[in-house]
Amino acid sequence: MARIFFNGQAMAGGPFHASVADGLIGPVRTAPGYRFFSIGDVCPGLLPAPGTDTAIDGELYDITLEHLRDVILPGEPRELELGVIELADGSACLSMLLARGELERGVHREITGFGGWRAYLATLGRTV
């Protein structure tokens with residue numbers, strides 16, 4: 001089993017939640033040190049940013065590595081890659097991160113100030 005932080009469409013209420021619902025542990029926040037981006041208002045991208053004081057809301061799940069390999073990763077957009085993050089309690093877990101080189105492309109809107117995907121979507125009149 002692997003602990004993974006979801007902060008977008010796999011969270012409760014999102015279109016991909018059904019595939020991970022059984023593994024939900026509960027809501028969590030990252031430790032400070034992350035920036036957050038909207039990828040075309042379709043999904044979010046988390047970016048480690050040491051030295052920043054921002055934390056991002058999400059949900060923690062416990063899923064099998066086989067499910068991660070066979071179901072989750074094949075459905076992720078090319079703008080994201082699997083990485084390891086720190087949660088507010090100091091523990092580490094997996095998360096999908098903004099892929100290397102994506103920030104430099106300059107095409108993703110920074111939404112760090114919203115603190116999470118749900119808060120950002122609310123400004124668009126949408127929900128997860």
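Is Tyr120 buried or exposed? Tyr120 comes out as buried, at 0% relative accessibility. Here, buried stands for under 20% relative accessible area, exposed for over 50%, and partly exposed for what lies in between, using a 1.4 Å probe and protein chains only.

Some ground rules before going on. This is a predicted model, where local features need pLDDT of at least 70 and side-chain atom pairs count only at pLDDT 80 or more, while totals for chains, interfaces and linings use all residues. Residues are numbered from 1 along each chain as its sequence is written, and side-chain values use heavy atoms, with hydrogens and water left out.

**Aromatic rings**

A search of the whole structure turns up three aromatic pairs. Rings of Phe, Tyr and Trp (for Trp, the six-membered ring) pair when their centres lie within 6.5 Å; planes under 30 degrees apart are called stacked, over 60 edge-to-face, and the rest tilted. Two of these pairs look like this:

| Pair | Centre to centre | Angle between planes | Type |
|---|---|---|---|
| Phe6 and Tyr61 | 5.2 Å | 65 degrees | edge-to-face |
| Phe114 and Tyr120 | 5.3 Å | 70 degrees | edge-to-face |

Helices (H or I, at least four residues) and strands (E, at least two) are DSSP runs, numbered from the N terminus. Both partners are buried: Phe6 has a relative accessible area of 5%, and Tyr61 sits at 0%.

Over at the other pair, Tyr120 is buried at 0%, whereas Phe114 is partly exposed at 32% relative accessibility. Ring pairs also bring in Trp117, giving a cluster of Phe114, Trp117 and Tyr120.

**Two buried glutamates**

Glu59 lies in strand E5 and is buried, with a relative accessible area of 7%. Its side chain makes a polar contact of 3.2 Å with the side chain of Arg118. A polar contact is a pair of N or O atoms within 3.5 Å; within protein, one must be able to donate a hydrogen and the other to accept it, and residues adjacent in sequence count only if both atoms are side-chain atoms. Not counting residues up to four places away in sequence, Glu59 touches several others, including Ile4, Phe5, Phe6, Met11, Gly26 and Arg118. Contact here means heavy atoms within 4.5 Å.

The second one, Glu102, is found in helix H2 (residues 102-105) and is buried, with a relative accessible area of 5%. The side chains of Glu102 and Arg105 are joined by a polar contact of 2.7 Å. Leaving aside neighbours within four places in sequence, Glu102 is in contact with Arg78, Glu79 and His108.

Gly26 belongs to strand E2 (residues 24-29) and is buried, with a relative accessible area of 9%. Beyond its neighbours within four places in sequence, Gly26 is in contact with Glu59 and Leu60. Gly26 and Val42 are 16 residues apart along the chain, and their C-alpha atoms are separated by 23 Å.

Asp53 is in the loop between E4 and E5 and counts as exposed, at 67% relative accessibility. Asp53 touches Pro32 and Gly33, residues up to four places away in sequence not being counted. From Asp53 to Gly14, 39 residues apart along the chain, the C-alpha separation is 27 Å.

What about the phi of Asp41? Although Asp41 is not a glycine, its phi is positive, about 60 degrees. Most residues other than glycine have a negative phi. Asp41 lies in the loop between strand E3 (34-39) and E4, and it is partly exposed, with a relative accessible area of 26%.

**The largest pocket**

A pocket, on a 1 Å grid over the protein atoms alone, is an open set of points where a 1.4 Å probe fits, with protein on both sides within 12 Å along at least five of seven lines; lining residues have an atom within 4 Å of a point. The largest pocket is lined by 21 residues, and Gln9, Ala10, Phe16, Gly75 and Glu76 lie nearest its centre. At least two lining residues come from each of strand E1 (2-6), strand E4 (43-48), helix H1 (65-75) and strand E7 (92-98). H1 gives the largest share of that lining, three residues.
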